[in-house]
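Please walk me through this structure in plain terms. I would like to know how its parts are arranged and which residues sit where.

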Amino acid sequence: MTNPSDYLTHLPTEQLLICKSHKYALRPKGVFRHLQRYHKTTPLTTRRALVEYAGTLTLRDESTVITPVDIIPAFECLEMIPGHRCIICNFLSSTIEGIEKHSQTVHEWDNTRGTLLFFSKKMNELIEIESCWTAQTIQTFFLGIHKKYFAVTRNTQQPNDSTIETLVARMLDAAAIQDEADDAAQMERDIVMNDQGAAENSPWLTMTGWKEMFAGKNMAVLVGFINKDVRRSDDYALKRLHASVHRLINYCMQGVRDLDWREWKAIRYWMRSHKGQQPSSKPFRRNYKELSSYADVWLQLILLCWRVVDSSESLELESGEAGVRGPEFLPEQKTQLMALRSLFLENPSDADLDKAVLIFSVSLIEHRDYQKERSIIKYFCGIYL
Ligand SMILES: [Zn+2]
Ligand SMILES: [Zn+2]
């Protein structure tokens, strides 16, 4: 007895028959030929049964097939193709050459000029982009000259944008829901293995390099390191750190407001920009309703660094072999961190404490990701998000 579903997948809504091993649709009249040509090892009786089964179904061919126009969840039975989507007109291409040619001929994109102005509806502002396409998983029902791509989302797909701006935006968004997530049991994730399933191999994790960064680390321990609930803690130093970070953030925001008073408003446009040569089209905000929740995020970053030093047996301060790295401090950051800790040998004044936290904070911000030691902020985002 032949079970057709061992060889073929029927999509009743789309009225298509997909070959399970080749992952594309068969033309209703082409089933016999496909099996004869590509499935020679399948017994003849089985092939005949499959052709007979196909004959009982109502199927569309390449001229009547309905290609989805929206981005839909991927068909598991079809090939997933890492392609590109034009963000202006949603044109799809499987090759970089194809999308470049489209951008040049249709949108007058000039890759020598480097950038293109584009109005982002989501951000409600003009943004400058280097290319007018984005990575997009695509699929097609039929192959060959009948290839017609449509865009799909993988079930586990995450945003694949890892600019610092996006990381920070995600971090701030997450701050709002952090309280609920603080429950350690809920936050507990197992040790990150290099060979975990599809969800762990999402483009997001792959692109940021977090998987490699956290390989061999127990995420539950790391998540514990960023627990910001220090008010109940009997650790004197942690309580002082909490107060200090909040004072500092308030102090910095006063500096932002001071810019207007001095008529240096232009600086706020530069503050918001993540580019060296160009201000943002919007200014850095002066007022944040939930400033303390933003301050708490920074506190968590500082706490992570602080606690890492405490538990050197579970996370090495020094950068280890590739793939088993803890946070990688720059030499000056180690010095600053030690200086901060040594303040607590005696009872430090608020001013001394704030100064040490500020110097260390600035160093974390200025830590460029292309240095041998990778950005601590990025490492923190990997635990936080
Ligand atoms: Zn096949
Ligand atoms: Zn286009």
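Trp270 belongs to helix 10, which spans residues 266–272; helices (H or I, at least four residues) and strands (E, at least two) are DSSP runs numbered from the N terminus. Trp270 counts as partly exposed because it has 14 C-beta neighbours inside 10 Å. On this scale, 20 or more other C-beta atoms within 10 Å make a residue buried, 12 or fewer make it exposed, and anything in between is partly exposed, with C-beta atoms placed from the backbone. Between Trp270 and Pro283 the C-alpha to C-alpha distance is 7.5 Å, although they are 13 residues apart in sequence.

This is a predicted model, in which local features need pLDDT of at least 70 and side-chain atom pairs count only at pLDDT 80 or more, while totals for chains, interfaces and linings use all residues. Residues are numbered from 1 along each chain as its sequence is written, and chains are lettered from A and ligands numbered from 1 in the order in which they are written.

In soluble globular proteins, nonpolar side chains tend to be buried together. A nonpolar core is here a set of buried Ala, Val, Leu, Ile, Met, Phe, Trp, Tyr and Cys residues joined through C-beta atoms within 7 Å. The largest one has 31 residues, and those touching the most other members are Val245, Trp298, Leu301, Ile302, Leu304 and Phe380. Two or more residues each come from helix 8 (219–225), helix 9 (236–261), helix 11 (291–310), helix 12 (331–343), helix 13 (350–366) and helix 14 (376–384). Helix 11 gives the most, with 10 residues. Leaving aside residues up to four places away in sequence, Ile302 touches Leu241, Val245 and Val357, where contact requires C-beta atoms, placed from the backbone, within 7 Å. A second, separate core of 15 residues includes Ile18, Leu26, Ala54 and Phe75.

Helix 14 is mostly covered, with 8 of its 9 residues buried. Among them are Ile376, Phe380 and Tyr384.

How do helix 9 and helix 13 meet? Their axes come within 9 Å and cross at roughly 75 degrees; axes are lines fitted to C-alpha atoms, for helices over the stretch in contact, and angles run from 0 to 180 degrees between N-to-C directions. That makes helix 9 roughly perpendicular to helix 13, a term for angles of 65 to 115 degrees. Helix 9 contributes Arg240, Ser244, Val245, Arg247 and Leu248 to the contact, and helix 13 contributes Asp350, Leu353, Asp354, Val357 and Leu358.

The strands form an open sheet of 5 members in the order 3-9-8-4-5, with mixed pairing; two strands pair if DSSP finds at least two bridges between them. Strand 3 and strand 5 (92–93) are at the edges with a single partner strand each, so one side of each has no neighbour in the sheet. Helix 3 (residues 96–107) packs on the sheet, touching strand 4, strand 5 and strand 8, and its direction makes about 5 degrees with that of strand 4.

Strand 3 (residues 72–73) and strand 9 (residues 149–153) run parallel, joined by 2 bridges, and Ile72 stands opposite Val152. Strand 8 (residues 133–140) runs antiparallel to strand 9, with 3 bridges; Gln139 has Phe150 as its bridge partner. Strand 4 (residues 81–86) is joined to strand 8 by 6 bridges, again antiparallel, with Pro82 opposite Thr137. Strand 4 and strand 5 form a hairpin with 5 residues between them, and Asn90 in the turn has a positive phi of about 70 degrees.

Notes: Two residues are in contact if their C-beta atoms, placed from the backbone, lie within 7 Å. Angles under 35 degrees count as roughly parallel, over 145 as roughly antiparallel, 65 to 115 as roughly perpendicular and the rest as oblique.
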